[in-house]
Amino acid sequence: MIVNSALVVLTDLVAMLLANKMFRRHFYLLLSVLLVFGPALSLWVSQYSVFAKKTHFLYRMFLRSGWGWTCVFVGSFVLVLSFSGRRSITLSLRHLSRMLVAGALWLGFRKVLDLLGNATGSCYEALAAPLEGGVAAGQPQLLLREGESKAACLGQGMQWRGYEVSEDVFLLCLCCLLLVEEMAVFGSYLDVGGVTGSPLRILFLLCVLLLALWLFLLLCLLAYFPQFPTQLLGGALGCLSWRGLYQGWYPLGPSWYCPGRPGVGLLSTGE
(Lines give C-alpha, C1' and ligand atoms only; values in the text may rest on other atoms or scores of the structure.)
Protein backbone atom coordinates (compact mmCIF):
# COMPACT_ATOMS: atom_id res chain seq x y z
CA MET A 1 0.00 0.00 0.00
CA ILE A 2 2.75 2.43 0.96
CA VAL A 3 4.82 1.48 -2.07
CA ASN A 4 1.86 1.96 -4.41
CA SER A 5 1.07 5.36 -2.86
CA ALA A 6 4.70 6.44 -3.27
CA LEU A 7 4.61 5.26 -6.90
CA VAL A 8 1.48 7.32 -7.58
CA VAL A 9 2.88 10.47 -5.95
CA LEU A 10 6.24 10.18 -7.71
CA THR A 11 4.79 9.54 -11.15
CA ASP A 12 2.27 12.37 -10.74
CA LEU A 13 5.04 14.84 -9.83
CA VAL A 14 7.31 13.81 -12.71
CA ALA A 15 4.40 13.76 -15.17
CA MET A 16 3.45 17.28 -14.09
CA LEU A 17 6.99 18.49 -14.81
CA LEU A 18 7.23 16.82 -18.21
CA ALA A 19 3.77 18.06 -19.20
CA ASN A 20 4.76 21.66 -18.48
CA LYS A 21 4.83 23.52 -21.80
CA MET A 22 7.75 25.72 -20.75
CA PHE A 23 9.84 22.65 -19.96
CA ARG A 24 8.99 20.91 -23.23
CA ARG A 25 9.57 23.99 -25.37
CA HIS A 26 12.94 24.77 -23.81
CA PHE A 27 14.34 21.31 -23.15
CA TYR A 28 16.34 21.51 -26.36
CA LEU A 29 18.03 24.61 -24.94
CA LEU A 30 19.33 22.48 -22.06
CA LEU A 31 20.86 20.09 -24.58
CA SER A 32 22.33 23.05 -26.48
CA VAL A 33 24.00 24.35 -23.32
CA LEU A 34 25.44 20.89 -22.63
CA LEU A 35 26.78 20.61 -26.17
CA VAL A 36 28.43 24.03 -26.13
CA PHE A 37 29.84 24.11 -22.60
CA GLY A 38 30.09 20.40 -21.79
CA PRO A 39 33.57 19.97 -23.33
CA ALA A 40 34.88 22.62 -20.93
CA LEU A 41 34.40 20.10 -18.12
CA SER A 42 37.39 18.19 -19.52
CA LEU A 43 39.56 20.77 -17.72
CA TRP A 44 38.31 19.54 -14.34
CA VAL A 45 37.42 15.86 -14.71
CA SER A 46 40.02 13.21 -13.94
CA GLN A 47 41.28 11.13 -16.84
CA TYR A 48 41.78 8.30 -14.35
CA SER A 49 38.04 8.08 -13.67
CA VAL A 50 36.21 4.89 -14.61
CA PHE A 51 34.09 6.98 -17.01
CA ALA A 52 37.23 7.99 -18.93
CA LYS A 53 37.41 4.48 -20.41
CA LYS A 54 35.08 3.55 -23.26
CA THR A 55 35.19 -0.03 -22.04
CA HIS A 56 33.07 0.99 -19.05
CA PHE A 57 29.94 -1.08 -18.46
CA LEU A 58 27.54 1.80 -19.18
CA TYR A 59 29.13 2.53 -22.55
CA ARG A 60 29.20 -1.11 -23.60
CA MET A 61 25.78 -2.04 -22.27
CA PHE A 62 23.71 1.04 -23.13
CA LEU A 63 25.46 3.45 -25.47
CA ARG A 64 26.26 0.90 -28.20
CA SER A 65 22.63 -0.17 -28.32
CA GLY A 66 21.04 3.13 -27.37
CA TRP A 67 18.28 3.05 -29.96
CA GLY A 68 17.31 -0.47 -28.96
CA TRP A 69 16.86 0.49 -25.31
CA THR A 70 14.89 3.60 -26.28
CA CYS A 71 12.67 1.66 -28.66
CA VAL A 72 11.89 -1.06 -26.10
CA PHE A 73 11.08 1.27 -23.19
CA VAL A 74 9.31 4.04 -25.09
CA GLY A 75 7.53 1.60 -27.38
CA SER A 76 6.22 -0.36 -24.38
CA PHE A 77 5.06 2.82 -22.66
CA VAL A 78 3.31 4.16 -25.77
CA LEU A 79 1.63 0.82 -26.44
CA VAL A 80 0.30 0.37 -22.90
CA LEU A 81 -0.75 4.02 -22.61
CA SER A 82 -2.61 4.15 -25.93
CA PHE A 83 -4.32 0.78 -25.46
CA SER A 84 -5.32 1.59 -21.86
CA GLY A 85 -6.92 4.83 -22.97
CA ARG A 86 -8.96 3.68 -25.98
CA ARG A 87 -8.67 -0.13 -26.23
CA SER A 88 -7.99 0.32 -29.94
CA ILE A 89 -5.31 -1.72 -31.68
CA THR A 90 -5.39 0.62 -34.68
CA LEU A 91 -4.76 3.68 -32.50
CA SER A 92 -1.98 1.90 -30.63
CA LEU A 93 -0.25 0.88 -33.85
CA ARG A 94 -0.55 4.40 -35.22
CA HIS A 95 1.18 5.83 -32.16
CA LEU A 96 3.82 3.09 -32.28
CA SER A 97 4.57 4.01 -35.89
CA ARG A 98 6.38 7.11 -34.62
CA MET A 99 9.05 4.77 -33.24
CA LEU A 100 9.31 3.14 -36.64
CA VAL A 101 9.76 6.54 -38.29
CA ALA A 102 12.45 7.58 -35.79
CA GLY A 103 14.22 4.24 -36.22
CA ALA A 104 14.22 4.58 -40.00
CA LEU A 105 15.55 8.12 -39.65
CA TRP A 106 18.35 6.92 -37.35
CA LEU A 107 19.37 4.11 -39.69
CA GLY A 108 19.19 6.39 -42.71
CA PHE A 109 21.38 9.05 -41.12
CA ARG A 110 23.87 6.39 -40.01
CA LYS A 111 24.19 5.22 -43.59
CA VAL A 112 24.54 8.76 -44.94
CA LEU A 113 27.13 9.71 -42.30
CA ASP A 114 29.08 6.53 -43.04
CA LEU A 115 29.12 7.31 -46.77
CA LEU A 116 30.10 10.92 -46.06
CA GLY A 117 32.91 9.82 -43.76
CA ASN A 118 34.30 7.38 -46.33
CA ALA A 119 34.12 10.04 -49.05
CA THR A 120 35.88 12.77 -47.09
CA GLY A 121 38.37 10.79 -44.99
CA SER A 122 41.60 8.89 -45.56
CA CYS A 123 43.32 5.94 -43.91
CA TYR A 124 46.87 6.21 -42.57
CA GLU A 125 49.26 3.56 -41.31
CA ALA A 126 51.69 4.62 -38.61
CA LEU A 127 55.32 3.80 -39.41
CA ALA A 128 57.96 3.41 -36.78
CA ALA A 129 59.97 6.60 -36.22
CA PRO A 130 63.69 6.45 -37.18
CA LEU A 131 66.08 5.56 -34.37
CA GLU A 132 68.81 7.86 -33.11
CA GLY A 133 71.11 6.26 -30.59
CA GLY A 134 68.63 3.43 -30.04
CA VAL A 135 65.81 5.87 -29.22
CA ALA A 136 62.91 6.79 -31.51
CA ALA A 137 63.30 10.35 -32.78
CA GLY A 138 60.22 12.50 -33.30
CA GLN A 139 56.70 11.44 -34.13
CA PRO A 140 55.99 8.29 -36.16
CA GLN A 141 55.41 8.91 -39.85
CA LEU A 142 52.06 8.20 -41.47
CA LEU A 143 51.69 6.26 -44.71
CA LEU A 144 48.54 6.93 -46.75
CA ARG A 145 46.57 3.77 -47.54
CA GLU A 146 44.21 4.36 -50.43
CA GLY A 147 41.02 2.44 -51.07
CA GLU A 148 40.34 1.58 -47.41
CA SER A 149 36.95 2.19 -45.82
CA LYS A 150 36.71 3.68 -42.34
CA ALA A 151 35.52 0.42 -40.78
CA ALA A 152 38.27 -1.64 -42.43
CA CYS A 153 40.90 0.97 -41.54
CA LEU A 154 40.02 1.09 -37.86
CA GLY A 155 39.59 -2.68 -37.78
CA GLN A 156 43.23 -3.11 -38.83
CA GLY A 157 44.44 -0.76 -36.11
CA MET A 158 45.26 2.11 -38.47
CA GLN A 159 44.30 5.77 -38.18
CA TRP A 160 41.36 7.42 -39.92
CA ARG A 161 41.33 11.16 -40.51
CA GLY A 162 38.49 13.08 -42.06
CA TYR A 163 35.33 15.09 -41.46
CA GLU A 164 32.97 13.30 -39.08
CA VAL A 165 29.71 13.80 -37.22
CA SER A 166 29.40 12.15 -33.81
CA GLU A 167 26.79 9.40 -34.16
CA ASP A 168 26.74 8.83 -30.40
CA VAL A 169 25.85 12.45 -29.61
CA PHE A 170 23.34 12.53 -32.46
CA LEU A 171 21.58 9.44 -31.10
CA LEU A 172 21.61 10.59 -27.47
CA CYS A 173 20.16 14.01 -28.34
CA LEU A 174 17.47 12.48 -30.56
CA CYS A 175 16.54 9.89 -27.90
CA CYS A 176 16.36 12.52 -25.13
CA LEU A 177 14.06 14.77 -27.15
CA LEU A 178 11.94 11.82 -28.25
CA LEU A 179 11.56 10.61 -24.65
CA VAL A 180 10.43 14.02 -23.45
CA GLU A 181 7.85 14.33 -26.25
CA GLU A 182 6.41 10.85 -25.77
CA MET A 183 6.29 11.02 -21.96
CA ALA A 184 4.85 14.54 -21.78
CA VAL A 185 1.39 13.28 -22.77
CA PHE A 186 1.15 11.24 -19.55
CA GLY A 187 0.46 14.36 -17.49
CA SER A 188 -2.48 15.34 -19.71
CA TYR A 189 -3.67 11.74 -19.64
CA LEU A 190 -3.83 11.86 -15.85
CA ASP A 191 -5.60 15.23 -15.91
CA VAL A 192 -8.49 13.87 -17.99
CA GLY A 193 -8.88 10.86 -15.69
CA GLY A 194 -7.24 8.26 -17.87
CA VAL A 195 -7.09 4.66 -16.67
CA THR A 196 -3.79 3.98 -14.92
CA GLY A 197 -2.26 1.06 -13.11
CA SER A 198 1.03 0.09 -11.57
CA PRO A 199 2.46 -1.40 -14.82
CA LEU A 200 1.85 1.82 -16.74
CA ARG A 201 3.32 3.98 -13.97
CA ILE A 202 6.36 1.70 -13.67
CA LEU A 203 6.95 1.90 -17.41
CA PHE A 204 6.73 5.68 -17.15
CA LEU A 205 9.35 5.77 -14.40
CA LEU A 206 11.62 3.43 -16.38
CA CYS A 207 11.45 5.88 -19.28
CA VAL A 208 12.31 8.72 -16.90
CA LEU A 209 15.33 6.77 -15.63
CA LEU A 210 16.38 6.09 -19.22
CA LEU A 211 16.18 9.81 -19.97
CA ALA A 212 18.38 10.55 -16.95
CA LEU A 213 20.86 7.88 -18.11
CA TRP A 214 21.07 9.33 -21.64
CA LEU A 215 21.70 12.82 -20.23
CA PHE A 216 24.41 11.43 -17.96
CA LEU A 217 26.12 9.54 -20.80
CA LEU A 218 25.92 12.63 -23.02
CA LEU A 219 27.64 14.66 -20.31
CA CYS A 220 30.29 11.94 -19.91
CA LEU A 221 31.04 11.90 -23.64
CA LEU A 222 31.38 15.68 -23.75
CA ALA A 223 33.53 15.85 -20.62
CA TYR A 224 35.80 12.81 -21.03
CA PHE A 225 35.95 12.50 -24.83
CA PRO A 226 35.60 16.06 -26.19
CA GLN A 227 35.62 16.22 -29.98
CA PHE A 228 34.89 19.62 -31.40
CA PRO A 229 33.10 20.23 -33.74
CA THR A 230 31.99 16.64 -34.48
CA GLN A 231 29.94 16.40 -31.27
CA LEU A 232 28.35 19.79 -31.84
CA LEU A 233 27.38 18.75 -35.36
CA GLY A 234 25.93 15.50 -34.07
CA GLY A 235 23.85 17.31 -31.46
CA ALA A 236 22.64 19.85 -34.02
CA LEU A 237 21.59 17.04 -36.35
CA GLY A 238 19.69 15.34 -33.53
CA CYS A 239 17.85 18.55 -32.62
CA LEU A 240 16.99 19.26 -36.27
CA SER A 241 15.63 15.72 -36.66
CA TRP A 242 13.41 16.18 -33.60
CA ARG A 243 12.17 19.56 -34.81
CA GLY A 244 11.42 18.20 -38.26
CA LEU A 245 9.40 15.30 -36.87
CA TYR A 246 7.62 16.61 -33.78
CA GLN A 247 7.22 20.25 -34.75
CA GLY A 248 7.09 19.94 -38.52
CA TRP A 249 5.58 16.68 -39.74
CA TYR A 250 3.56 15.17 -36.87
CA PRO A 251 1.35 18.25 -36.31
CA LEU A 252 0.02 17.70 -39.86
CA GLY A 253 -1.68 14.44 -38.87
CA PRO A 254 -3.12 12.08 -38.10
CA SER A 255 -3.64 10.88 -41.65
CA TRP A 256 -2.58 8.07 -43.96
CA TYR A 257 0.84 9.70 -44.42
CA CYS A 258 1.39 10.98 -40.85
CA PRO A 259 1.06 9.25 -37.44
CA GLY A 260 0.19 12.50 -35.68
CA ARG A 261 1.44 13.97 -32.42
CA PRO A 262 1.63 12.04 -29.14
CA GLY A 263 -1.80 11.98 -27.46
CA VAL A 264 -3.90 12.73 -30.55
CA GLY A 265 -6.96 10.49 -30.47
CA LEU A 266 -6.10 9.40 -26.94
CA LEU A 267 -7.07 12.46 -24.91
CA SER A 268 -10.53 13.92 -24.93
CA THR A 269 -8.89 17.36 -25.12
CA GLY A 270 -7.29 16.42 -28.46
CA GLU A 271 -3.84 17.30 -27.23
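Colleague: What should I know about the source?

Modeller: This is a predicted model, where local features need pLDDT of at least 70, side-chain atom pairs count only at pLDDT 80 or more, and totals for chains, interfaces and linings use all residues. Residues are numbered from 1 along each chain as its sequence is written, and side-chain values use heavy atoms, leaving out hydrogens and water.

Colleague: How many cavities of 30 Å³ or more does a search of the whole structure find?

Modeller: Rolling a probe the size of a water molecule over the atoms shows where empty space is left. On a 1 Å grid over the protein atoms alone, a cavity is a set of points where a 1.4 Å probe fits but cannot get out; a pocket is an open set with protein on both sides within 12 Å along at least five of seven lines; lining residues have an atom within 4 Å of a point. Here the search finds one cavity of that size. α4 gives the most, four residues.

Colleague: And the largest pocket: what volume, and which residues are closest to its centre?

Modeller: The largest pocket holds about 840 Å³. Of its 30 lining residues, K54, K150, S166, E167 and D168 are the closest to the centre. α5 supplies the largest share, seven residues. Helices here are DSSP runs (H or I, at least four residues), numbered from the N terminus.

Colleague: At what angle do α1 and α2 pack?

Modeller: Two packed helices are described by the angle between their axes and the distance between the axes. Axes are lines fitted to C-alpha atoms over the stretch in contact, and angles run from 0 to 180 degrees between N-to-C directions. α1 (2-19) and α2 (21-37) pack at about 65 degrees, with axes 5 Å apart. L17, L18 and A19 meet K21, F23 and R24 (contact: heavy atoms within 4.5 Å).

Colleague: Which members of the largest nonpolar core touch the most others?

Modeller: In soluble globular proteins, nonpolar side chains tend to be buried together. A nonpolar core joins buried Ala, Val, Leu, Ile, Met, Phe, Trp, Tyr and Cys residues through side-chain atoms within 4.5 Å; buried means under 20% relative accessible area (1.4 Å probe, protein chains only). Of 66 residues in the largest core, F77, F204, W214, L217 and L218 touch the most other members. α8 gives the most to this core, 17 residues.

Key: Points joined across faces, edges and corners; volume = space filled by probe spheres on them. Helix = DSSP H or I, 4+ residues; strand = E, 2+ residues; numbered from the N terminus. Buried < 20%, exposed > 50% of the residue type's maximum accessible area, 1.4 Å probe, protein only.
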